[in-house]
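Open the model in your viewer and keep the selection tool at hand.

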Amino acid sequence: MRNVIVFALGQARYAVELRWVREVFTLGPVTPVARAPDAVAGVVNYRGAIMPILDLAVLLGTAPPGAERASAHGGEGAILVQVEDVRAALRVSSVVEVATLRAEEDGVGGLVDSTGRSATLIDPPALLERARAAVRSESPAAPGGARGSRP
Amino acid sequence: MSGGDDGAVSRPADDSFNTSEYRALRALFRDESQEALDQVTHLLLRGPAEAMDPAALSELLRATHSLKGTAGTVGLRAFADAAHRFEGVVEKLRAGALSWSADTRDALVEIVDCLRARAALGEDEGQEAAALGAQLDDKLAALTGDPAAAGAASAAAEALASEPVSAAYRLARRDERALLRVDPVRIDRLMDSVGELVFDRTRIERRVTELRSAVAELGRVGAALRAADGARGRLEEVEHDLDEQLGRLEQLGRELLEDASALRRTGNALQDGLTDIRMQTSRTLFQRLAPQVRALARAAGKSVRLVTLGGETEFDKSVADQIGDALVHLLRNAVAHGIEPREARRARGKPEEGQITVSARHEQQTVVIEVADDGAGIDPALLRRRLVDSGRWSAAQAGLADDGEVLRALLDARLSSRDEVDELAGRGIGLDAVRVTVAQLGGELAVSSSPGAGTSFAMRLPLTTAVSNALLFKVGGYVYAIPHAHVLETVELETAGPADDGRAGLPDRVRAQGGTVPLVLLHAALGAAPPRPGRVPAVIIDYASRRLGLTCDKIVGPREIVVKSLGPLLGSLPLYVGGTISGSGKVQLILDPAALVRLAYPDAAAPRAPRLRSAGRVLVADDSRSVREAIALHLERAGYQVDAVASGLSAWRMLGRAHYDALVTDLEMPEMGGVELIERLRADPGLAHLPVVIVSSRATDAARARARALGVVDVLGKPVSADSLLAALRPP
């Protein structure tokens with residue numbers, strides 16, 4: 001049995017295991033980070049520390065190709081996840097509920113929430129690793145060498 | 001201000017250092033000596049009043065001796081003399097020529113108080129110093145019963161009989177002055193105003209320039225009038241008036257300029273003062289702790305004594321504010337889980353009263369705040385079992401981990417929240433919160449324990465969370481910062497070319513600093529809309545001898561900022577060195593000048609700091625920061641490139657990383673002493689022949705003999721002079 005938080009991002013629903021979640025909070029003013037990968041929607045002041053905000057749709061590859069990349073902005077909801085010493089905020093449209101997974105749903109990417117809508121179980125360690133790899137690939141000798149500047 | 005008596009800095013007799021170096025060393029020594037003397041007081045008061053523990057006595061001798069050596073090294077002769085005489089008294093105690101009693105102890109504590117006050121004065125030879133010297137002489141003479149010394153001293157004391165209150169007393173009073181609590185936000189606001197002040201001055205200067213050109217214009221009008229001099233008599237009157245007005249305007253311009261310089265001086269003083277206000281000594285933080293410990297102990301039915309050390313350690317107020325809760329948390333843990341109940345302590349032959357020591361000290365560029373208890377300690381075997389029983393660790397993992405790793409598991413986020421492991425191990429509760437607080441400040445939390453003897457938690461916090469100077473400017477609606485050290489000037493450009501030429505009508509190069517430098521369109525680099533046609537401000541920076549201009553929308557001004565890391569995820573982004581948080585809570589990114597240089601000089605290899613012509617590269621290892629700095633200054637002046645570390649272990653690591661031509665090391669250091677370091681070097685094929693010079697306050701014959709056996713070039717006593725150091729390092 002595992003406890004999860006079910007949240008909505010746009011039309012999609014996701015769930016994240018509670019053990020990765022440090023806090024659910026509302027974003028303050030967001031500062032965009034130029035020349036960061038698209039998965040980084042900006043940074044925000046979280047209790048005096050600088051916290052990256054990640055865009056789940058980009059990380060999961062579900063963002064429509066060529067879509068205007070939406071920056072995060074203040075007032076949106078966010079879920080702070082932590083894997084070892086790496087912390088990041090996932091921006092969300094809304095938090096739906098806290099639910100308990102039944103054993104037969106364990107380990108399956110898709111699950112169904114209490115309203116009968118399907119939600120995708122996300123894996124924070126893999127997501128943060130993907131984000132980290134994306135940041136690293138943005139770090140050639142000359143910044144912006146391979147990529148043009150982003151609008 | 002830090003000094004108070006900074007106007008009267010005298011230089012050491014041998015001119016080893018210039019005035020500003022000397023002042024910096026003195027400031028270092030002041031901190032260090034206060035800590036060392038706190039330690040001495042602590043040693044004196046530690047044992048029972050009736051007998052002096054021989055171990056404490058030798059520790060006392062060692063501390064005094066090394067203080068004397070350090071004072072000599074940084075050129076504080078007067079203090080070194082005083083410490084020498086104190087050392088003499090302690091020697092007598094050890095030799096049994098002076099007997100230990102509560103009175104002796106109290107007298108010694110008073111003498112240490114005098115030394116502390118004397119150290120705070122530095123090399124100042126004013127009345128306070130003289131009065132303190134006389135007091136010291138009196139007290140020393142009274143203790144050792146040396147009438148000759150007493151006579152000389154009381155003569156000096158008589159000469160100062162008009163001084164109604166003793167200097168030591170007044171110094172003590174100075175510390176007790178009521179402290180004003182100020183909301184740091186207010187100080188930040190003041191800081192912003194100081195930034196504005198600087199720009200007000202720039203504006204005044206620009207107005208003066210305009211005024212001057214208006215004067216010049218008027219002069220030309222006058223000349224034209226004169227040239228058109230006709231028959232009309234009234235013209236002469238006009239001319240006269242004009243000259244008079246011109247003279248007044250000229251005068252006004254001069255006065256305005258003087259005002260502007262005065263404004264700058266005021267602004268600088270204000271800025272210094274504000275920077276200083278943000279620094280706070282650990283004493284302020286510690287003062288709040290005693291009542292809390294008392295309350296916690298009472299609640300737990302235990303008797304606990306709080307000892308604080310290093311109360312004069314300065315660090316940034318924002319750090320102090322943020323670690324307050326963490327510190328209380330560590331204390332609560334120590335009282336509740338560290339210190340055993342009275343009966344258990346009695347059974348173990350410990351004093352019923354437990355002791356918690358909170359200490360603060362500077363180590364390299366960090367401040368270390370440590371909470372240590374003399375309680376039961378943590379049994380690694382027990383903790384190992386708990387970790388396995390609770391399913392957190394596999395048996396194999398627990399078997400492989402050493403005791404240090406097992407202890408560190410207490411700090412692990414996944415272990416320490418609401419987990420029975422902690423409850424049972426008794427220490428981990430809420431440690432995660434402490435660790436996160438420390439990590440947010442860019443520091444580390446460490447734990448060490450010896451079963452039966454106690455546990456210690458050390459928060460190592462960077463001083464660099466303190467303030468840095470930066471220039472702030474706006475691009476595309478967001479504020480960015482750049483380290484001020486790299487800013488040469490700000491200029492204003494005019495768009496000229498067509499706005500759609502890909503460079504927003506701006507040239508490739510701009511005139512600055514007597515030449516032209518490449519202009520980087522920061523707007524493009526940061527993904528912002530190009531600047532609007534018209535005036536565009538630009539910042540000229542210099543990094544590793546490469547200069548360039550950066551366009552922006554608006555210069556906000558110079559600020560002192562607290563630099564924060566972007567964290568493990570974004571830390572490797574090349575364009576930024578970190579971020580800071582504005583007064584209104586927004587994140588502002590700090591640009592990396594090195595990355596900007598690569599934008600302007602894309603074909604160049606990564607810029608390196610210009611290589612100095614060097615006489616050689618030397619590593620200095622000494623646990624006293626003042627001694628390190630002093631030796632580094634001596635060597636750098638002679639053309640050496642110097643790196644300095646505080647322990648043998650750090651030295652060993654550095655030697656593994658880079659090539660050094662020689663090592664200058666102390667013998668007594670934490671983590672790894674000099675002898676062990678040299679033994680390791682000699683056993684390493686790559687480092688076996690590295691020339692080593694020992695600088696030690698314990699340059700005894702025995703030490704020399706051991707050092708010779710290890711093939712050391714020379715053993716120099718502290719204080720060490722530049723000449724002897726350079727002679728030792730010179731190739732034969």
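What follows is a list of things to select, with a note on each.

The model is predicted, so local features need pLDDT of at least 70 and side-chain atom pairs count only at pLDDT 80 or more, while totals for chains, interfaces and linings use all residues. Residues are numbered from 1 along each chain as its sequence is written, chains are lettered from A and ligands numbered from 1 in the order in which they are written, and side-chain values use heavy atoms, with hydrogens and water left out.

**Stop one: a residue in chain B**

Select residues 354-363 of chain B, which form strand E4; a strand is a DSSP run (E) of at least two residues, numbered from the N terminus. Thr357(B) lies in this strand. Is Thr357(B) buried or exposed? Its relative accessible area is 16%, and buried means under 20%, exposed over 50% and partly exposed in between (1.4 Å probe, protein chains only), so Thr357(B) counts as buried.

Now show what is in contact with Thr357(B), with heavy atoms within 4.5 Å. Leaving out residues up to four places away in sequence, Thr357(B) touches Val307(B), Leu309(B), Glu370(B), Val371(B) and Ala372(B).

**Stop two: the interface**

Select the residues where chains A and B meet: 38 residues from chain A and 32 residues from chain B. The area buried between the two chains is about 2,900 Å², and carbon and sulfur atoms give 63% of that area; buried area is the accessible area (1.4 Å probe) that two parts lose on being put together, summed over both.

Note on methods: Helices (H or I, at least four residues) and strands (E, at least two) are DSSP runs, numbered from the N terminus.
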